[in-house]
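Dear colleague,

Please find below the structure that I am handing over to you. My notes on what was found in it follow directly after it.

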Amino acid sequence: MQVKLEAERKIRKQLSKRFDAEMEKLDSMKAQLKISQEEYRNALQEMFDRQEKEENLIKEMAERYSLIDFEKLDKDQRLVAQYIIEGRLTEARAIINKKGDIDKRIKENQRHKDANAQARTDLEKSESMQQKEQEDLAHDLFNLAEMATIEYKWDSALFYMLKRYSLDTTNAQWITDVALKYIDLGNYTEALEWSNKSRVISEKVLQPDHPDFAVIYSNIGLVYSNLGKYAEALEWHTKSRVIREKILPPDHPDLVMTYNSIGQVYFKLGNYAESLEWYNKALTIYVNKYGEDHNKTKELKEKIETVK
């Protein structure tokens with residue numbers, strides 16, 4: 001838990017600087033009457049929507065880092081993970097790049113895969129080498145994608161996630177990560193296809209109320225919302241909500257994400273009363289958990305004001 005919280009804090013610090021700069025610019029444009037009140041309100045809503053996406057991004061990244069067994073990583077991989085969390089992306093890339101061209105390394109990994117079929121006597125050694133290389137490649141491709149995401153280089157982030165997926169096409173989490181990158185790119189048709197692919201694989205191995213389904217259903221809901229299919233969006237966000245309300249304590253931050261998503265769909269439908277109801281559910285959690293003066297509480301209150 002401590003690793004997750006520390007990662008969230010450091011990543012949030014990087015992204016909040018960008019948000020503050022954009023907010024200052026927007027307020028300046030409003031003060032100089034360069035934009036109308038309606039344009040200001042729409043721009044604010046877009047910023048808060050993006051901030052919500054970034055909040056999901058922060059939690060996803062922090063969650064993934066909290067699941068990494070750093071004791072099993074070599075020195076370089078531990079340094080790369082540390083540098084990414086601290087925003088030292090140039091240094092993180094330098095460590096990965098010193099190992100050689102990533103495509104050449106993938107080809108080398110594939111060569112070792114092929115070598116496994118060459119001779120039975122060398123099979124065990126070759127498989128061990130290939131597996132270690134594949135794990136190392138997966139970490140590096142993941143880290144390259146994370147760095148690209150932090151820099152808003154969505155195409156590059158997707159590129160590396162697809163490369164990682166090619167190493168193991170049955171890994172549901174990796175498939176979900178590809179779907180998330182398509183969402184970032186605004187390619188919702190592909191995002192829906194990949195989210196459903198992850199769902200189908202997960203349904204074969206996980207219990208129906210497994211936390212992974214809450215994430216998958218939430219992603220599908222987000223895709224439908226962006227496609228303008230709000231009935232379908234509400235259906236999938238509700239599926240996600242049911243799971244999270246079942247397995248999480250009532251003040252868990254992930255419920256805030258779910259309630260915000262539902263509130264956002266109602267906002268887009270123009271049903272502001274219903275939207276406010278769900279945003280206020282989220283606000284109640286933040287007030288009880290963090291207090292009235294916490295930044296998260298204040299930010300959510302500001303978002304609610306744009307709906308009123």
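Y217 and W236 are both buried in this predicted model. Their rings have centres 5.3 Å apart, and the planes meet at 50 degrees, so the pair counts as tilted. An angle under 30 degrees would have made the pair stacked, and one over 60 degrees edge-to-face. The two residues come from distant parts of the chain: Y217 belongs to helix α10 (residues 211-226) and W236 to helix α11 (residues 230-247), with the two 19 residues apart.

How many aromatic pairs does a search of the whole structure find? The search gives nine. Ring pairs also join Y165, Y182 and W194 into a cluster. Elsewhere, the ring of Y40 has the charged end of K30 over it, at 4.2 Å from the ring centre.

After α3 comes G87, whose phi is positive, near 80 degrees. The buried residues of α3 are Q77, V80, A81, Y83, I84 and I85.

Most residues other than glycine have a negative phi. L33, however, has a positive phi near 60 degrees, although L33 is not a glycine. This residue lies in the loop between α1 (2-31) and α2 (37-67). Is L33 buried or exposed? L33 is exposed, with a relative accessible area of 74%, because the cut-off for exposed is over 50%.

Y152 likewise has a positive phi near 60 degrees and is a residue other than glycine. Its place is in the loop between α6 (123-150) and α7 (154-167). With a relative accessible area of 27%, Y152 is partly exposed.

With kind regards

Terms used. Residues numbered from 1 in each chain as written. Predicted model: local features only at pLDDT ≥ 70, side-chain atom pairs only at ≥ 80, totals over all residues. Heavy atoms only, no water. Helix = DSSP H or I, 4+ residues; strand = E, 2+ residues; numbered from the N terminus. Buried < 20%, exposed > 50% of the residue type's maximum accessible area, 1.4 Å probe, protein only. Phe/Tyr/Trp six-rings, centres within 6.5 Å; stacked < 30°, edge-to-face > 60°. Lys NZ or Arg CZ within 6 Å of the ring centre and 35° of its normal.
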